[in-house]
Amino acid sequence: MRQRIWAAVAAAATAAALVVAAPGAQAASLVEVTDFGANPSNLRMHLYVPDTVRERPAVLVASHYCTGTGPAFYSGTEFARLADQYGFIVIYPSANRSGNCFDVSSQATLRHNGGSDSLGIVSMVRHVIARHGADPARVYATGVSSGAMMTNVLLGAYPDVFAGGAAFAGVPFACFATTDGSSWNSQCAQGQVIRTAQQWGDLVRGAYPGYTGARPRMQLWHGTQDDTLRYPNLGEEIKQWTDVHGLSQTPTSTDYPAANWTRTRYSDKVEAISMQGTGHNLLSNGMALRALEFLGLTAGQPPVTTTPPPASGCTVTYTMNTWNTGFTASVTVSSTSAVNGWTLAFTLPSGQTVTSGWNATISPASGAVQARNVQWNGTIPAGGSASFGFQATHNGNTARPASFSLNGTPCS
């Protein structure tokens, strides 16, 4: 049964690859690295270094789901494309045990410098810092399912290495712990492991006794209909990370950034996004950017591609297909002069919120938004065009944006 579930996760990731992966002009590619340091469980390491990186770049560890691999997670998610735009480095570890799940259950992996998968991944980070001059203060982790559980493990056992993380459909640190050698904990998976906030926090503090430094920030995502790692795990994660940071479990703010999403924030240290009606395969287009925004990988960092001179003679065609509470928009941008790297700015009418997009990175989700080219469609030849689209919700207002500007120049 569990193998069928993980196969469904893999299929979803393959489908995602059809949305976000396309041939690009850049020479950067995924490269396997061997002999990167202590690697007790023989993980494989793949590394993506963009053609252009920031000075002392940040590092993101992106961990796959069960049955997955680092290369599959590279192909099926947006993290590498966003690394091209924001100049950070991505590590893609690969588990190699049965089912390709990461070890999130052994006492070794749950202990600082204890061994197993968590130590192997930290060795990858240390190698990248030494080899590529990365910033040791800006190391982050993210992942889906098994990779989300590993994100919790890395932040719990190595707070001296990781400054933050974003976990998509995971469980709390040490929730999967077992003592019989098994790598699967059904009670935790079913959301039946319930502890107090202090008990969860003590598990994290016990992973690295004596540590008194800063604790990593955490962003948590979970679908209410998750039938693999049940939804109660989100509440237990919130308990754990708020306690680690000495925060109340009462949110400091609550908002609704997209249809069926509820986001609760606990100071600026912990953020949780609950997705109503969503199952286990929740990572979709646009969510990776939201994770990077939380981690600070985009703050004050315009894309590496320099903004070109304003285009002249631009025209925008904006076609909507609406229904009761939602719509899709197809957008074509034409320019009489050549453009290398484009940003289309427009303001969505009140009550409209973007939920997903394709062929552009759109941020924020409502109000004054900017749609930026992706890796494979950044060039508009003179007299040519580029197209992108998005899906959004509305509250009855199906008006179109009043105006557009391409790289700062108004369009007709």
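**Rings, sheet and disulfides**

Modeller: Tyr-92 is buried, with a relative accessible area of 0%, where buried means under 20% relative accessible area, exposed means over 50% and partly exposed lies in between (with a 1.4 Å probe and protein chains only). Please keep in mind that this is a predicted model, in which local features need pLDDT of at least 70 and side-chain atom pairs count only at pLDDT 80 or more, while totals for chains, interfaces and linings use all residues. Residues are numbered from 1 along each chain as its sequence is written, and side-chain values use heavy atoms, with hydrogens and water left out.

Tyr-92 has a ring partner, so let us take the rings next. Rings of Phe, Tyr and Trp (its six-membered ring) pair if their centres lie within 6.5 Å, and planes under 30 degrees apart count as stacked, over 60 as edge-to-face and the rest as tilted. A search of the whole structure finds 14 aromatic pairs, and one of them joins Tyr-74 and Tyr-92 edge-to-face, with 5.7 Å from centre to centre and 80° between the planes. This pair links distant parts of the chain, with Tyr-74 in helix H2 and Tyr-92 in strand S4, 18 residues apart; helices (H or I, at least four residues) and strands (E, at least two) are DSSP runs, numbered from the N terminus.

Phe-327 and Phe-390 form another edge-to-face pair, 6.1 Å centre to centre and with 75° between the planes. Because Phe-327 lies in strand S12 (residues 326–335) and Phe-390 in strand S19 (residues 385–393), this pair ties together parts that are 63 residues apart in sequence. Both of these phenylalanines are buried, and they belong to one aromatic cluster together with Tyr-318, Phe-346 and Phe-404.

Strand S4, where Tyr-92 lies, also has a place in an open sheet of 10 strands with mixed pairing, in the order S1-S2-S4-S3-S5-S6-S7-S10-S9-S8. Strand S1 (30–33) and strand S8 (253–255) stand at the edges with a single partner strand each, so one side of each is left without a neighbour in the sheet. From one strand to the next the twist averages 15°; axes are lines fitted to C-alpha atoms, for helices over the stretch in contact, and angles run from 0 to 180 degrees between N-to-C directions. Two strands pair if DSSP finds at least two bridges between them, and strand S7 (residues 217–223) and strand S10 (residues 270–275), which run parallel, are joined by six. Helix H5 (residues 146–157) lies across S3, S5, S6 and S7, running at about 150° to S5.

Disulfides make further links along the chain. A disulfide is a pair of cysteine sulfur atoms within 2.5 Å, and by this rule the count comes to three. In one of them, the sulfur atoms of Cys-66 and Cys-101 are 1.9 Å apart, and the torsion about the S-S bond is about 130°, so this disulfide is right-handed. Cys-66 lies in the loop between strand S3 (59–63) and helix H2 (70–76), and Cys-101 in the loop between strand S4 (89–94) and helix H4 (116–132), so the pair ties together parts that are 35 residues apart in sequence. Both Cys-66 and Cys-101 are buried.

Another disulfide joins Cys-314 to Cys-411, with 2.0 Å from S to S, and its torsion of about -105° is why it is left-handed. Cys-314 is in strand S11 (residues 314–322) and Cys-411 in strand S21 (residues 409–411), 97 residues apart. Cys-314 counts as buried at 3% relative accessibility, and Cys-411 is buried with a relative accessible area of 15%. There is also a disulfide between Cys-175 and Cys-188, again with 2.0 Å from S to S, and when the bonded cysteines are numbered in sequence order, the pairing is 1-2, 3-4, 5-6.

Key: Contact = heavy atoms within 4.5 Å.
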